[in-house]
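Colleague: I would like to learn how to read the features of a model like this one. Please take me through a few of them.

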Amino acid sequence: MNDKVSVQVVTFGAMNFAMQQNYVPLVRSVTIKNNSDEEIKDIMLKISFEPEFAKPFTHRIEVLPPHTEIEVSPVNIIVSTEFLFSLTERIVAQISVQLLCGEEELVNAGDNIDLLAYDEWSGCYIMPELIAAFVTPNHPAISGILKIATDYLRKWGKDPSITGYQSRNADVVKLQMAAVYAALQSKNIVYNNPPASFEKAGQRVRLPYSVIEQKQGTCIDLAVTYASCLEAAGLFPLIMIKKGHAYCGCRLEEETFADCVIDDFSAIDKRTVSGNEDILLVECTDFTAGEKIDFDRAVKHGKNNLSDSENFICAVDVRRARAGGLRPIPQKIDSNSICGYDGTVDSVSDYQAAAPKKLNRSGTGVIGYEESSLSRIQIWERKLLDFSLRNSLLNFRITKNALPILTHDLAALEDSLADGVSFSIRELPSEWTASLRDARLYEIENENDLATNIASEEFKSKRLCAVMHDEELEKTLKNIYRTTKSSIEENGSNTLFLALGFLKWYESDISEKPRYAPLIMIPVELVKSSHNKGYLLRSRQEETQINVTLIEYLRQIFELKIPSLDPLPEDEHGTDIPLVFNTVRNCILDKKRWNVVNTACLGQFSFGQFVMWSDLRNRADELMQNKVVAGLIDKKITVEQEENPLTVSELDERIAPDDLAIPLSADSSQMLAIAEAAKGKSFVLHGPPGTGKSQTITNLIANALYHGKSVLFVAEKMAALNVVQHRLENIGLAPFCLELHSNKASKSSVLSQLEKSLEVGRIKHPEKYKATADRLKAMRVSMNSVIDGLHKKHESGISVYDAIEQYETCAEFKNKITIPQDVINTVNDDRIEQLSSLILSYKNSVDGVGDIVNNPLKNISLTEYSIPLREKLYSDCVNLLNLYNNAKSCIERIFGTFNINAELSEKSIKNILNLCRALLIPSAFSPSLILENNYNAVTQKLNNYYESICNENREKQEIEKVFTSGIYEYNCIQALNEWNVAQSS
């Protein structure tokens, strides 16, 4: 042997007949690892057993590469059925594993395995679902029990048929369960205590026929026997296992769990709630000899087994185990000792089994889910909800403003509050011994026996017990009272609720920390009691609410379609609490560990946008009176046509200056908006940036204040609020602006703003403002008369303003066209049309001839043409050409004489002619000028003077393009002085 190869064998550690019959492998897998640097070829794996309860197993491996491992699976070992079937006691067997490479033995190892007795269950440690193999519905003894059960059904006046789920009636299923219970009760079976920790280490299980025949059994024997009878009746039984105890359950409907073994306590608990039972749990020790306990009490005792979730281990769904291939184990049947039905019923002293009561199905959650049932207001409400775990509506924790209440019946408490009953709150009674500091909600949930008794007695005396001692209770109630009072005074909203029922939920399947969210919220108030110096709790007689935050959170995050439950279903007193709880339970059946906890707690429930949510929730009818809000809800805005709407042109006529207060400048469109807002109209004021929207809003607010109104100004961004606030501050309205809804609006700052507002006095009396308004009106009338004159239509249909506008469009033709004054004085529509027609005709003629302005013949005014005229024109042109040639020759000689380098042009010829004229004037030559020593300086002065004259002429031309020649006579100095005086005043 060496260490270059290692072998690991995986087994369950135990094997019994039931496991072998249900194909549970003796060896789950064998892993072989090559630890060396060389490959190993031709390896033989051998597995043998001592004693020989199974056939030896061999497996050949051709090559095992270095530093690799292979897994041999499945390991098909044939176990001897006869050997396991014959075992009456547990024995320890040995498994030997041998690994050979040729003649070399690489590995030789061994391990022990427990071989259990034929009727021994391996416990919850190894495949707890194997308990279903001991449920044997086909034994003749079980048929005898069912025959007795039919007799009981007949005695109770019911149909004696065992029909299973065929009737689709839960009460019929319960009757069959009760009849089987009574039949087993008639057998006078004696109860034996099970061994300690049987649920882990396993124990011998008496098969049902042995229990019936020997008339004795442990709790698990009785549970298996009862389950066998139920399965034989066509029902779906469950084997329930808790620490140190086992009992039985049964589905009331033809359904199974998704898995054979259910280790989620909440999956069972939420299916056994009174009024909405899907599973009935039965305490099987109750049908043993001497107990005289009827079926209904046995069901109650079975439900009590769930009171402590810590002791719950698992439940085994027998029907689901059958679907997974777990069959009942074969049984030894001795025809001479079969305990069958012989026609008689064993006596049970004087006790007679009574028929069970009908199921109370009033609390069954049958509220349907309607996706389209949400109104627009409800959708708005849900958008305001806070889905963070800081919200106590999703993650409730016991704080200084929360008070757990001990209750025996949440529905009775809600009914009493709805009927106007007030309850005093007292400290925890002395008989309550549970710890108060750790996991209070959990303690209330799990100490329900003691809690129910205490709470029931206190409830009759109109007292509620808080899960606190005296000093802590007084402090907590004081905190809650002050917080509630402050909330109502500052926000106008009540945040004190009595939460009934909590959803225990987890963020994910692997989360370990449970979260608690309240389900039903009753608006309540705390009132100081005068006679006992305590507090009274009473309903505010407002609408009881479902936790909409939770419902919407579950829908969005977990895709759980829980009905909105809004409004909540009602019973004869108030809200139907059981129906609500069971509706929620039905929706979370598939959520592992989730459950509804019947707990009450008094506390503050609010979130960041709670006030807005509360307004939508409680003032919806009032808000809908606003036309805009109603339009948003109805998805249409109804606009009423005004008979005589205000227009921009009518502002001065219909709006007096003292009708509006407009501290900032505004144009006519802005004034129209301000006037319409003052009349209460709703509209959208839009425009690009920089067009005066903020200025208009400032004027709107100022005008509303002038008329004694209050304005709520809201904006999506804080910057928009700040712009308007600064404008109001600049015009002296800062003391009247109160910043309420922002992160800076603390209580102290609000009080400070109110103080400043109260200290503001009147700056101007109304009489002075009236006089100023009248003066402004007179000025407006005077200015409007000028405007009216400009826009008055004359006989021509054109106003002065129109004429100026049209004239400016034709400014390029200024001084080019002259219109006689008599035409202007007599012009009318007909005359304008006639002139327009002539101009159009002239234009068409000009277009045919070409460009007249630049035509060289434009100055010819002849209207007649003849042959003599042509000949004369020809002769004159010939003479002109001759003269031109002579003149050209003379000019060229002059250019040569004076050495002038210039082209012959009109300008150069004009300059030569001027020079010749000057030379022909005797006085043009000044001897002193020619003989001047500083001739260059004199010529420079003459040139400068010449340039000044040219500049002056150019500037005059530019001025005359804009003004007439009368501008040269205007006294500019006097006008400037008058302007300075006006500016200083």
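Colleague: What should I know about the model before I start?

Modeller: This is a predicted model, in which local features need pLDDT of at least 70 and side-chain atom pairs count only at pLDDT 80 or more, while totals for chains, interfaces and linings use all residues. Residues are numbered from 1 along each chain as its sequence is written, and side-chain values use heavy atoms, with hydrogens and water left out.

Colleague: Which strands pair with β22, and in what sense?

Modeller: Strands (E, at least two residues) and helices (H or I, at least four) are DSSP runs, numbered from the N terminus. Two strands pair if DSSP finds at least two bridges between them. Strand β21 (residues 496–505) is antiparallel to β22, with eight bridges. Strand β23 (residues 535–539) also runs antiparallel to β22, joined by five bridges. With strand β24 (residues 545–546), β22 has two bridges, again antiparallel.

Colleague: Which residues face each other across these pairings?

Modeller: L498 has I522 of β22 as its bridge partner. I520 is bridged to I546 in β24, and V524 lies opposite S539 in β23.

Colleague: How many residues of β22 are buried?

Modeller: Buried means under 20% relative accessible area, exposed means over 50%, and partly exposed is in between (1.4 Å probe, protein chains only). In β22, which spans residues 515–528, eleven of the 14 residues are buried.

Colleague: Is I522 buried or exposed, and what is it in contact with?

Modeller: I522 belongs to strand β22. I522 counts as buried because its relative accessibility is 3%. Contact means heavy atoms within 4.5 Å. Beyond the neighbours within four places in sequence, the contacts of I522 are E414, L417, L496, F497, L498, L500, S539 and T544. S539 is 17 residues from I522 along the chain, and their C-alpha atoms are 7.2 Å apart.

Colleague: How many disulfides does the model have?

Modeller: A disulfide is a pair of cysteine sulfur atoms within 2.5 Å. The count by this rule is zero. For C284, the nearest cysteine sulfur is that of C248, 4.9 Å away, and C284 is in no disulfide. C284 has a relative accessible area of 0%, so C284 is buried. C601 is likewise buried, at 0%.

Colleague: What about cavities?

Modeller: On a 1 Å grid over the protein atoms alone, a cavity is a set of points where a 1.4 Å probe fits but cannot get out, and lining residues have an atom within 4 Å of a point. Grid points are joined across faces, edges and corners, and a volume is the space filled by probe spheres set on the points. The whole structure has three cavities of 30 Å³ or more.

Colleague: Which residues line the second largest cavity?

Modeller: Its lining consists of L406, T407, H408, D409, L413, A455, E458, F459, R463, L464 and C465. Elements giving two or more residues to this lining are α14 (448–460) and β20 (463–466).

Technical notes. 1 Å grid on protein atoms, 1.4 Å probe; cavity = no way out; pocket = protein on both sides within 12 Å on 5 of 7 lines; lining within 4 Å.
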